[in-house]
Amino acid sequence: MFVYEEAWDYNSYLESDLIEYKEKQEKIYEKINFSESSIKKIHQIDTTINLVIFAELYCPDCRALIPFVEKIRLLNSKINISIFPRKGNEVYLSNHSLNASIPTILMEDLKDGKENFITIFDEFPPLIKEEFSKLNEDDKEKAIYDYRTGKRNLEIENYLVDILTKK
């Protein structure tokens with residue numbers, strides 16, 4: 001069970017590690033702009049969505065993802081995020097992520113009245129993760145670099161918006 005009072009918000013996440021990582025995160029954040037279609041879909045979400053995110057500021061895959069989630073949160077007050085570090089949460093994280101990978105996003109599912117979480121993101125979006133698994137090491141390294149440097153941003157945006165609007 002999570003102790004939500006111990007969770008980070010986006011600003012606390014930014015302050016959780018070295019200033020150089022914060023500066024990198026802020027540069028990535030500034031470059032992300034959603035399409036009008038995505039903005040419209042996000043605005044139309046009318047039920048509360050609680051996301052639990054495991055992330056660390058030093059992690060380049062986290063830095064590629066977390067700005068998307070924060071910008072989505074800012075577009076709709078029904079979306080809540082609680083960010084937890086991997087350190088100290090390894091056991092819980094390993095129950096929801098094959099290798100206790102970060103970033104991992106869990107979405108609360110209250111359909112049966114209990115605290116259940118569905119893993120919606122484990123290190124990379126599923127289609128990208130599947131693509132990476134088919135590549136040789138050199139090609140995988142380049143593909144991950146492309147992901148981390150924004151060349152797959154539209155896919156991240158579309159995946160998150162699609163999964164959150166299907167809730």
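This is a predicted model: local features need pLDDT of at least 70, side-chain atom pairs count only at pLDDT 80 or more; totals for chains, interfaces and linings use all residues.
**View 1. Lys-41 and Asp-162 pair up in a salt bridge.** The closest N and O atoms of these two side chains sit 4.0 Å apart. Lys-41 belongs to helix H3 (residues 36–43) and Asp-162 to helix H8, so this pair ties together parts that are 121 residues apart in sequence. Lys-41 is partly exposed, with a relative accessible area of 35%.

**View 2. Arg-152 meets Glu-131.** Here the closest N and O atoms of the salt bridge are 2.9 Å apart. Arg-152 sits in the loop between helix H7 (137–148) and H8, while Glu-131 is in helix H6 (residues 126–133), so to speak across 21 residues of chain. Is Arg-152 buried or exposed? Arg-152 is buried, with a relative accessible area of 11%, whereas Glu-131 is partly exposed at 32%. Glu-155 joins in too: salt bridges with shared partners put Glu-131, Arg-152 and Glu-155 into one network.

**View 3. Glu-130 and Lys-134 form a salt bridge.** From N to O, the two side chains are 3.3 Å apart. Glu-130 is partly exposed at 42% relative accessibility, and Lys-134 counts as exposed at 64%.

**View 4. Helix H4 is mostly covered.** This helix takes in residues 60–75, 16 residues in total. From its first C-alpha to its last, H4 reaches 24 Å, close to the 22 Å expected at 1.5 Å a residue. How many of those residues are buried? The count is 12 of 16, including Cys-62, Leu-65, Phe-68 and Val-69.

**View 5. Leu-154 and Pro-67 are 87 residues apart along the chain.** Their C-alpha atoms are separated by 13 Å. Leu-154 is part of helix H8 (residues 153–165) and counts as exposed, at 53% relative accessibility.

**View 6. Four glutamates make a negative surface patch.** The members are Glu-20, Glu-23, Glu-26 and Glu-30. Glu-20 has its place in helix H2 (residues 19–31) and is partly exposed, with a relative accessible area of 42%.

Technical notes:
Residues are numbered from 1 along each chain as its sequence is written. Side-chain values use heavy atoms; hydrogens and water are left out. Patches are made of residues with over 30% relative accessible area and no salt bridge: like charges are joined within 9 Å, nonpolar side chains (Val, Leu, Ile, Met, Phe, Trp, Tyr) within 5 Å. Accessible areas come from the Shrake-Rupley method with a 1.4 Å probe; for residues, only the protein chains shown count as cover. Lys and Arg count as positive and Asp and Glu as negative; His and the chain ends are not counted. The place of a charge is taken as NZ of Lys, CZ of Arg, CG of Asp or CD of Glu. Helices (H or I, at least four residues) and strands (E, at least two) are DSSP runs, numbered from the N terminus. Buried means under 20% relative accessible area, exposed over 50%, partly exposed in between (1.4 Å probe, protein chains only). The expected span of a helix is 1.5 Å times one less than its number of residues.
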